[in-house]
Amino acid sequence: MLSQSYPLRHLSCLLVLVCLVWSGECVGQRAVGFLRGDAPVDKGDRRPADPESAVENFTFSRNLIFFEAVVDGRTGKFILDTGAPSLIVNDRGAGAGLPSRAGLGAGGAVRLTDHRVAHFEIGGRSIDNYWAVGLDLRPMERRTNERIDGFVGYDMINSGELRIDYGRHTFQLLPSRRHPTYDGNSPRAVLKFTLVDHLPVVQVKLAGKKYYFAIDTGAGSNLVDASLARGDLARATGELINIQGLDGNSVDCPIVTLAAANDLVGATAGLEFVGIDLTHLQSEGSLPLAGILGSVFLSRYTVGIDYRRHKIYLW
């Protein structure tokens, strides 16, 4: 446990990072998460509509993108999360008696079940007969005081460009284009990314050295590995933030700022990161993740994530 001599900052935000191997959630009065486990293989029957005409409105609450989607004929409240591999539904304990598999979260082990979804609609598209992941998200709902019916992730949004307009509180699923524009303007910056499992990972230079950060719309905070948070690149703010995992355990983590990164349009100057052990995010043979750039960073821009071209556009 970290020293209690610093003032605790109680902010309600949320990170959900769910990876195939899998990865999911830690809730604090900021919530942070990561989950590993085996994924269902049935991808369902998809019926794409005209994505150009489908503009989804969202509410930006606790640094998360909440929007309405229809699952099995009912309208639910979901989080748009590029850190999630697929569709995750809140089973609210209904899967207690079903066969399960283990998931590894930032706070510890969690229990995952298979959840059959007959019909799901998002962004003008519908998916039928889909095996989603069931997870009891009631602790997260209590901590955030928000209804959360689930997360919508990579499998649902990876056919082209995911365009998120934080200023207008809308997102769209657009076709991939060689030269995308927003209100007639070219992007202010273009970042190339590598997919690590389902996660877009960008290279960032800090003090002349290369580091790798995942881009996660489901992260209410930016995260940096504890080893970097204690190093020369970081400056402690003297504040802690409480992080609670899906397993119910919590930990106080330091808040730090990092050296400016010129290849991120100078956006890391003064940007706060939560220092936390990210050892569990590492996969053998993949890029070593130094941290996560969440909505604190992304919401400064209109963001396009083009999964086909492996590019992130910032306006």
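What percentage of the 315 residues in the protein is buried?

1. Buried residues account for 56% of the 315 residues, a value that, like the others in this note, is computed from a predicted model. The protein exposes about 13000 Å², and carbon and sulfur atoms supply 47% of that area.

2. As to secondary structure, the protein contains 26 strands together with four helices. The points below concern strand 8, which spans residues 64-71, and the two strands with which it pairs in the passages described here, strand 7 and strand 9.

3. Strand 8 is mostly covered, in that six of its eight residues are buried. In general terms, the side chains of a regular strand alternate between the two faces of the sheet.

4. On one side of the sequence, strand 7, formed by residues 59-61, runs antiparallel to strand 8 and is joined to it by three bridges; within this pairing, Phe60 stands opposite Ile65 of strand 8. The two strands belong to a hairpin with two residues between them, and Arg62 in this hairpin takes a positive phi near 55°.

5. Strand 9, formed by residues 74-80, also pairs with strand 8 in the antiparallel sense, here over six bridges, and Ala69 stands opposite Gly76 in strand 9. Strand 8 and strand 9 likewise form a hairpin with two residues between them, in whose turn Asp72 has a positive phi of about 50°.

Conventions:
Residues are numbered from 1 along each chain as its sequence is written. This is a predicted model: local features need pLDDT of at least 70, side-chain atom pairs count only at pLDDT 80 or more; totals for chains, interfaces and linings use all residues. Side-chain values use heavy atoms; hydrogens and water are left out. Buried means under 20% relative accessible area, exposed over 50%, partly exposed in between (1.4 Å probe, protein chains only). Two strands pair if DSSP finds at least two bridges between them. Accessible areas come from the Shrake-Rupley method with a 1.4 Å probe; for residues, only the protein chains shown count as cover.
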